Amino acid sequence: MVRNKSKWTNLISESVKELLGKKSLLKKMAFEYNDYLDEDSTKSEMEAAMDDLEISCEFDTYLDDNSVTCSIKVNEDEELARFDLAELFGCCGVCVLSDLTVETDDHLNKGLGTLLHGIALDIMRDDGYSYAVCTDVMTNRPSMKLLRKYGWKKTGEFINNRTGRTIGVFGLDLSKVVRIPVKKKLSKKVVKKVAQKRR
Ligand SMILES: CC(C)(COP(=O)(O)OP(=O)(O)OC[C@H]1O[C@@H](n2cnc3c(N)ncnc32)[C@H](O)[C@@H]1OP(=O)(O)O)[C@@H](O)C(=O)NCCC(=O)NCCS
């Protein structure tokens, strides 16, 4: 699973760093990680500290080779976000997306979920999957927005006997994903890099 790990780790690290920069979160992180920075720091000191921040991405296989956790970290320390991908047991055409999580409140609602959801779908297609499946509680508003945005269809709904919560089951034909924010939202420089890597 995730055949081209280096391609995706580079793409995720670069696009997350670019998004954080746009939302001024990188500046905030630079202050957190560098005691020497203060309000009097020069612009170039600030920029150098932001450049030095390393956004890394790691794929860890769990259970077997057909399931991975993708974890995105700052300076290999603080986890920013994560998601899991797993091939549906018994059908090599279906991939399950789960546990897409943006870890700290500061980083919520800044577009990270949208970016990573789109990349997760790109990874599935790149790995040759045809159909994606996921479940979530129907009351999870940000998650429901993401599913709508990417064209997922609700294929079922049930009350989970274990939790009493109403769960939606969603499916997505991967050949019909129209919106790919990686292409639309990133700078021309990054889009060019991505296109080169995809060739
Ligand atoms: C679901 C989750 C990953 C979304 O991450 P995010 O980075 O906040 O997502 P985005 O910033 O890209 O926002 C996605 C959409 O949700 C909306 N949104 C974000 N927070 C919201 C909130 N608290 N209430 C309502 N809508 C919200 C955004 O406006 C956006 O919609 P838009 O594009 O129409 O404007 C995040 O909320 C999370 O980690 N939740 C906890 C884990 C979880 O429930 N995961 C679900 C899958 S298992």
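**Reading a helix pair and a ligand shell**

From the N terminus on, the elements run α-α-α-β-β-β-β-α-β-α-β-β-α-α. Helices (H or I, at least four residues) and strands (E, at least two) are DSSP runs, numbered from the N terminus. This is a predicted model: local features need pLDDT of at least 70, side-chain atom pairs count only at pLDDT 80 or more, and totals for chains, interfaces and linings use all residues. Residues are numbered from 1 along each chain as its sequence is written.

User: How do I read the packing of helix 4 and helix 5?

Analyst: Two packed helices are described by the angle between their axes and the distance between the axes. Here helix 4 (residues 112-126) meets helix 5 (residues 141-149) at about 45°, with axes 10 Å apart. Axes are lines fitted to C-alpha atoms over the stretch in contact, and angles run from 0 to 180 degrees between N-to-C directions. That angle makes helix 4 oblique to helix 5. Under 35 degrees is roughly parallel, over 145 roughly antiparallel, 65 to 115 roughly perpendicular, and the rest oblique.

User: Which residues make the contact?

Analyst: Contact means C-beta atoms, placed from the backbone, within 7 Å. Helix 4 brings G113, T114 and H117; helix 5 brings P142, L146 and K149.

User: What surrounds the ligand?

Analyst: A residue is near a molecule if its C-beta atom, placed from the backbone, lies within 6 Å of it. The ligand has 20 residues around it, and the closest are L112, G113, T114, P142 and K145. Strand 4 (94-102), helix 4 and helix 5 each give two or more residues to this shell. Helix 5 gives the most, with six.

Definitions and conventions
Contact = placed C-beta atoms within 7 Å.
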